[in-house]
Amino acid sequence: MFEARLPQGNVLKKVLEAIKDLVPNANWDCGSNGLTVQAMDSSHVSLVSLSMSADGFEPYRCDRNITLGMDTSTLSKILKCASNDDSITIRAEDSGDTVSFVFESPNQDRVCEYNMKLMDIDSEHLGIPDQEYDAVVTMPSSEFQRICRDLTQIGDSVKIHCTKEGVKFSASGDLGDGNVLLKQSSSVDKEEEQV
């Protein structure tokens, strides 16, 4: 039996929203340490590696390791039925062919349950080697998303160039070229908004 309750269900909703277009289906490996997903996109260019620790769930129960093969677009549709403040409980039997999702409102006056059929997905677990990077940039994901969205109006690919001056994002195409320079900012009041 596998059962895990995520008090802040919007975390799972945001994770799924981020990967659903990239990975059509994935194996969710459930073990004693938590949930992990490792999947490649259809063109084998991008690798999604996700780990959700058992400590983030209240409670977390996994009697034995189990793999849940799920279609990410279907899972995303189901999770859209949950409100952002709902808790989400995931349940699966050891030898079952379905996984159930229970959404509970904070005051528990609304409880929704959805069952989804599992899939058999052939995938191999890839080892991700430890890397030494020349540069590490920490920035708000909303800012990165905005830069990429703006530069896709110019070209199909974005180049990222790091110097002591800052991080430069550039794109070029038939229409012309565009550059965005982000300078290091540590004087911002909120740490999550720093570059």
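This is a predicted model: local features need pLDDT of at least 70, side-chain atom pairs count only at pLDDT 80 or more; totals for chains, interfaces and linings use all residues.

I begin with helix H1, residues 9-19. Which of its residues are buried? They are Gly9, Leu12, Lys13, Val15, Leu16 and Ile19. These residues lie on the same side of H1, because they cover an arc of only 165° around the axis. In general, an α-helix has 3.6 residues a turn, so residues three or four places apart point the same way. On the face of H1 turned away from the buried side, we find the exposed residues Lys14 and Ala18. The packing partners of the buried H1 residues are strands S1 (2-6), S2 (25-31), S4 (47-53) and S7 (87-92), together with helix H2 (72-79).

That brings us to H2, where Thr72, Leu75, Ser76, Ile78 and Leu79 are buried. Their arc around the axis is only 160°, which puts them on the same side of H2. Among the elements covering these residues are H1, S2, S6, S7, S8 (98-104) and S9 (111-117).

Finally, the cavity. A search of the whole structure finds one of 30 Å³ or more, and the largest cavity has a volume of about 60 Å³. What lines the largest cavity? Its lining consists of Leu12, Trp28, Cys30, Leu35, Leu68, Met70, Leu75, Ile90 and Phe101. Two or more of the lining residues come from each of S2 and strand S6 (66-71). By class, the lining has nine nonpolar residues, no polar residues and no charged residues.

Definitions and conventions:
Residues are numbered from 1 along each chain as its sequence is written. Side-chain values use heavy atoms; hydrogens and water are left out. Buried means under 20% relative accessible area, exposed over 50%, partly exposed in between (1.4 Å probe, protein chains only). Helices (H or I, at least four residues) and strands (E, at least two) are DSSP runs, numbered from the N terminus. The arc is that of the directions from the helix axis to the C-beta atoms. Contact means heavy atoms within 4.5 Å. On a 1 Å grid over the protein atoms alone, a cavity is a set of points where a 1.4 Å probe fits but cannot get out, and a pocket is an open set with protein on both sides within 12 Å along at least five of seven lines; lining residues have an atom within 4 Å of a point. Grid points are joined across faces, edges and corners, and a volume is the space filled by probe spheres set on the points. Ala, Val, Leu, Ile, Met, Phe, Trp, Tyr, Cys and Pro count as nonpolar, Asp, Glu, Lys and Arg as charged, and the others, Gly among them, as polar.
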